[in-house]
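Subject: Handover of a structure and findings

Dear colleague,

Please find below the structure that I am handing over to you.

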Amino acid sequence: MDMSKIVEYQKNRIIPQEKLPNPPRRPDYTQFVKYEAGAKYKFGNELRSYQLEGLNWIRFCYYNYRSCILADEMGLGKTVQSVAFLNDVYYNLNVRGPFLIVAPLSSKCIWMDT
């Protein structure tokens with residue numbers, strides 16, 4: 001039995017104080033503003049134009065209380081767009097989670113690094 005994994009699990013079970021209160025309400029759909037240019041991320045990276053379009057679409061659906069599935073072709077950056085969306089709602093809308101991420105095992109390392 002790997003005790004370090006048990007300790008890690010127990011540590012992650014504790015919900016931080018900032019996540020306990022009710023999350024902020026979603027902004028009204030009239031407040032949606034399309035991003036014309038992407039933000040700069042770690043190491044100066046930025047979204048490609050089609051990824052920015054995907055991010056805007058996910059944000060539009062979020063503002064309009066619509067469910068959505070990002071189903072681009074393999075290798076076009078669905079993970080990056082998803083990380084950018086969560087980054088946006090976390091920092092710009094003050095939504096602290098929790099977030100459920102369903103992803104293939106092959107992208108686990110990307111999610112753990114963000």
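Predicted model: local features only at pLDDT ≥ 70, side-chain atom pairs only at ≥ 80, totals over all residues.

Helix packing

The axes of helix H2 (residues 49–63) and helix H3 (residues 78–91) cross at roughly 50 degrees and come within 9 Å. H2 and H3 are therefore oblique to each other. Their crossing is right-handed. On the H2 side, the residues in contact are Tyr-50, Gln-51, Gly-54, Leu-55, Ile-58, Arg-59 and Tyr-62, and they meet Val-80, Gln-81, Ala-84, Phe-85, Asp-88 and Val-89 of H3. Sorted by class, this contact of H2 with H3 has eight nonpolar, three polar and two charged residues.

Aromatic pairs

The structure holds five aromatic pairs. In one of them, Phe-32 and Phe-60 are arranged edge-to-face, with 5.5 Å centre to centre and 80 degrees between the planes. This pair links distant parts of the chain, 28 residues apart: Phe-32 lies in the loop between helix H1 (3–13) and H2, whereas Phe-60 belongs to helix H2. Phe-60 has a relative accessibility of 33% and therefore counts as partly exposed. Tyr-62 and Tyr-63 also form an edge-to-face aromatic pair, at 6.4 Å centre to centre and with 80 degrees between the planes. Both of these tyrosines, Tyr-62 and Tyr-63, are buried. One aromatic cluster is formed by Phe-32, Phe-60, Tyr-62, Tyr-63 and Phe-85. Two members of this cluster also take part in the helix contact described above, Tyr-62 from H2 and Phe-85 from H3.

Loop residues

Two residues other than glycine deserve mention for a positive phi. Tyr-65 has a phi near 55 degrees and lies in the loop between H2 and H3. With a relative accessible area of 55%, Tyr-65 is exposed. For Asn-94, phi is near 65 degrees, and this residue is found in the loop between H3 and H4. At 42% relative accessibility, Asn-94 counts as partly exposed.

Pro-104 is placed in the loop between H3 and helix H4 (108–113). Its relative accessibility is 55%, so Pro-104 counts as exposed. Between the C-alpha atoms of Pro-104 and Tyr-29, which are 75 residues apart along the chain, the separation is 32 Å.

The chain as a whole

The secondary structure of the protein chain comes to four helices and zero strands, and from the N terminus on its elements run α-α-α-α. Taken along the principal axes, the C-alpha atoms fill a box of roughly 50 × 35 × 30 Å. Of the 114 residues in the chain, 23% are buried. Among the contacts with a separation of 6 or more, 59% are accounted for by residues 24 or more positions apart.

With kind regards

Terms used
Residues numbered from 1 in each chain as written. Heavy atoms only, no water. Axes fitted to C-alpha atoms, helices over the stretch in contact; angles between N-to-C directions. Parallel < 35°, antiparallel > 145°, perpendicular 65-115°, else oblique. Left-handed = near helix turned anticlockwise from the far one by under 90°. Contact = heavy atoms within 4.5 Å. Nonpolar A, V, L, I, M, F, W, Y, C, P; charged D, E, K, R; others polar. Phe/Tyr/Trp six-rings, centres within 6.5 Å; stacked < 30°, edge-to-face > 60°. Buried < 20%, exposed > 50% of the residue type's maximum accessible area, 1.4 Å probe, protein only.
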